[in-house]
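Open the structure in your viewer and keep the selection tool at hand. We will go from the whole chain down to single residues.

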Amino acid sequence: MRQHRRTLRLLGSLLLVAMAASVTGAAPAPAASPTPLDRVIPAPASVAPGGSPYRITRGTHIRVDGSRETRGVGEYLAKILRPSTGYRLPVTAQGAGGIRLRLAEGPFGAEGYRLDSGRGGVTITAARPAGLFHGVQTLRQLLPAAVEKDSVQPGPWLVAGGTITDTPRYGWRGAMLDVSRHFFTVEQVKRYIDQLALYKINKLHLHLSDDQGWRIAIDSWPRLATYGGSTQVGGGPGGFYTKADYKEIVRYATSRHLEVVPEIDMPGHTNAALASYADLNCDGVAPPLYTGTEVGFSSLCAGKEITYDFVDDVIRELAALTPGRYLHIGGDEAHSTSHEDYVTFMDRVQPIVAKYGKTVVGWHQLTGATPAKGALAQYWGLDGTSAEEKARVVKAAQGGTGLILSPADRVYLDMKYTKDTPLGLSWAGYVEVKRSYDWDPGAYLPGVPGAAVRGVEAPMWSETLENSGQVEFMAFPRLPGVAELGWSSAASHDWERYKGRLAAQAERWDALGMEWYRSPQVPWGVGGR
């Protein structure tokens with residue numbers, strides 16, 4: 001009888017819940033379902049969904065092999081997952097199941113990976129540590145956005161069943177940060193690095209010198225930093241990186257599998273250097289420091305031997321600090337340098353870069369001189385750039401010069417979204433999210449051999465940007481699209497499908513505490529602001 005009464009009470013309770021739901025319009029909470037394997041950005045090369053999902057629990061371990069690099073990726077993953085899950089997630093070489101990070105030879109290249117997920121666990125396999133790291137970024141996006149928060153969240157932490165096999169289209173997937181117009185601290189640069197890593201960006205181009213500020217300490221020319229770095233646009237205090245600061249940025253970027261590409265812009269964009277040392281000026285007179293935003297008025301003196309002593313010292317010291325393969329020598333907007341002097345300067349400077357073991361990168365104006373063998377030219381022209389200028393770039397590419405594509409009216413992240421955008425510039429036009437995504441790097445400059453296109457890069461110039469929130473607002477939601485252009489196949493490129501995947505990222509940006517622009521072109525869901 002007592003059992004019968006308990007059953008009646010239970011049925012009564014269920015009836016009351018059902019009646020309340022019918023009155024209030026409430027519905028039972030839906031069962032949690034994992035993020036589909038094809039929802040991530042950049043779009044993976046191959047997705048085969050199927051089978052049961054894996055659930056991260058209190059008993060989950062992160063299993064790694066004996067290599068230091070693999071353990072480093074495992075510790076990185078654990079550091080992301082522990083605060084939100086509340087689980088210990090030990091990183092260990094022992095046991096079975098859980099999340100496994102595995103190095104093995106296979107068709108992965110330097111950065112590809114395979115992710116296998118099922119009831120028994122998740123395994124990420126790659127030939128190189130960079131591939132494991134990129135696989136971890138995919139795993140992050142397959143988990144609920146709340147996994148990014150720094151406090152315990154309710155979960156559940158499900159990873160959809162199936163297999164992703166993934167390799168990048170291009171080896172150069174870059175983002176540039178201009179720390180010269182406005183100075184950004186080491187911690188601010190690190191924050192941006194973490195945001196870039198989420199979307200498999202693998203190059204951090206640091207614009208370290210310009211008219212408004214010199215941002216890297218050079219022992220043989222100390223006033224470059226202490227005086228030339230003492231201001232910024234608008235007259236603020238500026239700043240510079242000590243060699244220890246720069247090494248820390250390089251170390252942190254390396255831990256996220258980004259290669260730092262330092263840039264010293266020359267022979268133009270050099271007022272901070274010219275103001276610091278009078279002898280670098282043709283007339284021997286140092287100009288005042290500059291805090292405006294005009295361009296094209298400054299030039300190193302191509303006819304003075306001290307200019308090349310200066311360049312040699314700067315490149316020697318910077319190359320010694322930079323383990324990466326590349327050193328960017330600028331070369332754009334040298335309007336105060338005659339063509340003859342520009343050619344002379346580049347003919348003298350490019351061998352200096354090679355002498356210190358680095359490969360030359362320059363803005364595409366470098367093709368107006370003679371690019372060194374193996375040099376890369378970074379194209380920043382517009383759709384409407386003159387046919388003559390485009391032809392020069394195409395001819396250089398046909399002759400063996402590699403190209404990095406950064407068309408300003410597509411992927412300059414400092415361009416305003418619309419006329420009402422409170423930050424940024426508009427000299428290249430307004431660049432909404434669809435425009436920044438909807439082009440093909442492989443077909444952008446007709447006549448360029450496919451092998452000459454090394455990848456894409458999204459520059460962020462900082463004339464109007466002073467802090468991390470402003471950088472994020474201009475980068476997101478455009479940066480993930482540029483990352484996809486660099487990583488994913490041309491066949492996967494489709495705006496209608498992409499914008500839905502992009503909308504799903506908003507909740508993750510919120511969880512990470514990021515600022516972002518709510519473009520009306522994207523169907524932001526309930527997770528967006």
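The tour below moves stop by stop, with something to select at each one.

**Before you start**

This is a predicted model: local features need pLDDT of at least 70, side-chain atom pairs count only at pLDDT 80 or more, and totals for chains, interfaces and linings use all residues. Residues are numbered from 1 along each chain as its sequence is written, and side-chain values use heavy atoms, with hydrogens and water left out.

**Stop 1: the whole chain**

How many helices and strands does the protein chain have? There are 16 helices and 19 strands. Helices (H or I, at least four residues) and strands (E, at least two) are DSSP runs, numbered from the N terminus.

Next, think about contacts, meaning heavy atoms within 4.5 Å. Take the contacts in the protein chain with a separation of 6 or more: residues 24 or more positions apart account for 74% of them.

**Stop 2: the surface**

Switch to a surface view. The protein chain exposes about 21000 Å². Carbon and sulfur atoms supply 54% of that area. Accessible areas come from the Shrake-Rupley method with a 1.4 Å probe; for residues, only the protein chains shown count as cover.

Of the 529 residues, 56% count as buried. Buried means under 20% relative accessible area, exposed means over 50%, and partly exposed is in between (1.4 Å probe, protein chains only).

Colour by charge. The protein chain has 56 positive and 53 negative side chains. Lys and Arg count as positive and Asp and Glu as negative; His and the chain ends are not counted. The centres of the two sets lie 14 Å apart. Each charge is placed at NZ of Lys, CZ of Arg, CG of Asp or CD of Glu.

**Stop 3: the cores**

In soluble globular proteins, nonpolar side chains tend to be buried together. A nonpolar core here is a set of buried Ala, Val, Leu, Ile, Met, Phe, Trp, Tyr and Cys residues joined through side-chain atoms within 4.5 Å.

Select Leu206, Trp214, Ile216, Tyr241, Tyr246 and Phe310. These have the most contacts inside the largest nonpolar core, which has 140 residues. Which helix gives the largest share of this core? Helix H8 (residues 305-321) does, with eight residues.

Then select Trp380, Met415, Val431 and Trp461. They are among the nine residues of a second, separate core.

**Stop 4**

Most residues other than glycine have a negative phi, and most peptide bonds are trans.

- Select Gly155 and Pro156. A cis peptide bond joins them, with omega about -5°. Pro156 is in the loop between helix H3 (129-142) and strand S8 (157-159).
- Select Met266 and Pro267. The peptide bond between them is cis, with omega near 5°. Pro267 is in the loop between strand S14 (259-263) and helix H7 (271-276).
- Select His257. Its phi is positive, near 60°. The loop between helix H6 (243-255) and S14 holds His257.
- Select His269. Its phi is positive too, about 55°. The loop between S14 and H7 holds His269.

Are these two histidines buried or partly exposed? His257 is partly exposed, with a relative accessible area of 23%. His269 counts as buried, at 3%.

**Stop 5**

Select Gly135, in helix H3. Gly135 is buried, at 0% relative accessible area. Leaving aside neighbours within four places in sequence, Gly135 is in contact with Tyr113, Leu115 and Ile124.

Move to Ala286, in the loop between H7 and H8. Ala286 is partly exposed, at 35%. Beyond four places in sequence, its contacts are Leu274, Ala275, Ala278 and Asn281.

Finish at Gly442, in the loop between helix H12 (433-437) and strand S19 (453-460). Gly442 is partly exposed, at 33%. Gly442 and Tyr170 are 272 residues apart in sequence and 9.9 Å apart in space, C-alpha to C-alpha. Not counting residues up to four places away in sequence, Gly442 touches Arg169 and Tyr170.
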